[in-house]
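Student: I'd like a close look at one part of this protein. Take me through it slowly, and then show me a few other places in the chain.

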Amino acid sequence: MENSEGVKIESTVVTGEPLIGALDIALFVVIITVAYFWYFKRDKQSSSSEKKPYTIQPSSLSSIEQTSNSSFIKKLKSTGRSLVVFYGSQTGTAEEFAGRIAKEGARYKMKGMVADPEECDMADLVEMKEIQKSLAIFCIATYGEGDPTDNAMDFYEWLQNGDADLEGLNYAVFGLGNKTYEHYNEIAIYIDQRLEELGATRVHEIGLGDDDANIEDDFVSWKEKLWESVCSHYGIEETGEESNIRQYKLVDCSEVLPERIFSGEISRLKSYENQRFPFDVKNPYLSKIAVNRELHKSGDRSCMHIEFDIDGSKMRYDTGDHVAVYPKNSSELVDKIGELLNADLDAVFSLLNTDEESSKKHPFPCPCTYRTALTYYLDITSNPRTHIMKELIEYASDPKDQEKLKLMASSTPEGKKEFHEWILRDNRNIVHILEDLPSVKPDLDHLCELLPRLQCRYYSISSSPKVYPKSIHITAVLVNYTTSTNRVNKGVATNLLAQLIPTNDELPQPTIPIYIRRSQFRLPPKSQTPIIMIGPGTGLAPFRGFIQERDYARKEGREIGEMVLYFGCRKKDEDFIYENELQEYVANGTLTKLHLAFSRDQPEKKYVTHLLEQNADELWNIIGEKSGHLYVCGDARSMAKDVHSIIVKVVMEKGQMTNSQALNYVKKMEQQKRYSADVWS
């Protein structure tokens, strides 16, 4: 204690004892000894280091390269470019649109480049004014509940937190969103407004693409008007030159050693053979399928309960997170492309970017075989966009096929109608197009350049890490449907998963690459907080994890709040998934109430929304009087919208509010994370 030490010192002086005691002398000797050894040891190390040659370690070199590569301004200046197109992309569409704009810039005397904001120092935007007639275009997708895409997060935060002077920056924004979601194109709208606030000049009004309708049509219409505005703003004219120049050149890799050839890895060569933590979007974990069982009791549809083994992976997830699954295309479709184009699918090749300044050297991991590219890297099952129609024209030997492609590639009302009916309505993919236009024989390497990347599929995790720390569960409906042309289209991921059935322990178990994507869909911090969960069909998935977590807390002796679940399906005896589990949770008290709607078990359709309206008192009691949380998971197009309308109506009636007050109340619930949605269209 400070006071007792003071008394002791005072006593020592008064008694006349020597100022330097034996203990002080001992400490002094120790300090001198340590100093002596430290000095000579340092001198020896210094002499030793002088004898070694100076080298730059790999980490230092990587850092230098990242610094130089992050300056998009330097690249623009050194290559005489004036157009840069940034993209915020989660599925690849925004990146594709950015590439198309940059390519078209040549027609307007604006040499362009595509840039990933995650790889750029976006503070360099203040220097854009130093480049004559420069333009920055942003193709920005809104992801989740009004969130930026992963690669645009840093840029978004920079705009939010910074106050850079962007006077002299000319810009335009195209947003990619979905009107079935509440936060439609929220990030693009914010970026467009924020750039103007910081002094930048908007060259053309923002474009808002709706993926629920026809985002290709939205983009093409906006792009045409964009170039009109650009020409007017800069006083330039279109050259009229069509730019069908290849972005990548073909490289023959037949002499490459087998160990240097990619075979399906996402980024790092041999990454599936030599797995390294941490696992993410570019480095997925090759997980074993531990369980794959059917959940439907009867009927012609299938719903799978699948468990991914993550034991030993060091992967951690939270209840409510998503798991990303990397699929592969069916060998049947891949072989069909080889047959239609009379191509050797096992030939080894590479596509090298003709733009030496581009940070993207290849469109996908190269070198690889055509079979590998078509199986693991390219999307061959989605509807091709109009720019692919345009590129295929030169490969059509039949004038009728040529005219059809020209029409669908045009922006005329007739062309848009033909594209919508023949491609979108009839759900044709590239295989169907090559079958139905037999004279179209594109070079396979060019086709590989044109097709978009095959994207991972996201599933809500239907388990709690408290109960299942070594596995991840998902609940997935098998996607199979017949098109108007009598073709059977199959979901890429679910049909692959359906084939991955675990066998006995003596045989190697089936595997698939996965990684965990964090979510904001979370249980309340306090286990006592009451919650309402609305999840028809596979919308039940995250709530299975919620219930497991609360049940775990209850068994530990903790108090848990009310848990009310609304679940619906077609028929109780066919597709009531996890029925026994749910009934057990009701019996043990974890699940307070289970409201069930079986839409086809009676003459009149009955859905969870009907039950929600009937239980208005219970709903208001939890979200109004007890400040509970409400969660919605499932279809965004109708169910989630209907639920939102019902919530507002209940708040008005039971909370005695006006419509405006009720809307504000619900909005505040969302801001407080008391009203959360995990929905899809």
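Tutor: Here's one loop and the helix after it, followed by some ring pairs and a helix crossing.

First, some ground rules. This is a predicted model, so local features need pLDDT of at least 70 and side-chain atom pairs count only at pLDDT 80 or more, while totals for chains, interfaces and linings use all residues. Residues are numbered from 1 along each chain as its sequence is written, and side-chain values use heavy atoms, with hydrogens and water left out.

For orientation, the protein has 23 helices and 23 strands (DSSP runs numbered from the N terminus: helices are H or I with at least four residues, strands are E with at least two). Of its 681 residues, 48% count as buried (under 20% relative accessible area; exposed is over 50% and partly exposed is in between, with a 1.4 Å probe and protein chains only).

Now the loop. An unreviewed UniProt entry lists a "binding site" that includes Ser599, Arg600, Lys605, Tyr607 and Asp642; UniProt positions follow the numbering used here, feature names are shortened, and annotations may be inferred rather than shown by experiment. Lys605 sits in the loop between β21 (593-598) and α20 (608-614), and Tyr607 is in the loop between β21 and α20 as well. Lys605 is partly exposed, at a relative accessible area of 45%, and Tyr607 is also partly exposed, at 40%. Beyond four places in sequence, Lys605 contacts Ser599, Arg600 and His610, where contact means heavy atoms within 4.5 Å.

Ser627 follows α21 and has a positive phi, near 50 degrees.

The whole structure has 25 aromatic pairs: rings of Phe, Tyr and Trp (its six-membered ring) with centres within 6.5 Å, called stacked when the planes are under 30 degrees apart, edge-to-face over 60, and tilted for the rest. Tyr108 and Trp227 are a stacked example, 4.4 Å centre to centre with 5 degrees between the planes. Tyr108 is in the loop between α5 (93-104) and β2 (112-115) and Trp227 is in helix α8 (residues 215-234), so this pair ties together parts 119 residues apart in sequence. Both Tyr108 and Trp227 are buried. Tyr665 belongs to helix α23 (residues 659-671), and the two partners are 45 residues apart. Trp620 itself is buried, at 12% relative accessibility.

Last stop: a helix crossing. The axes of α12 (residues 399-409) and α13 (residues 413-425) come within 6 Å and cross at roughly 105 degrees (axes are lines fitted to C-alpha atoms, for helices over the stretch in contact, and angles run from 0 to 180 degrees between N-to-C directions). That makes α12 roughly perpendicular to α13, since 65 to 115 degrees counts as roughly perpendicular, under 35 as roughly parallel, over 145 as roughly antiparallel and the rest as oblique. Lys404, Leu407 and Met408 of α12 meet residues of α13 including Phe419 and Trp422. The charged end of Arg428 sits over the ring of Trp422, 4.0 Å from its centre; the test is CZ of Arg or NZ of Lys within 6 Å of the ring centre and within 35 degrees of the ring normal.
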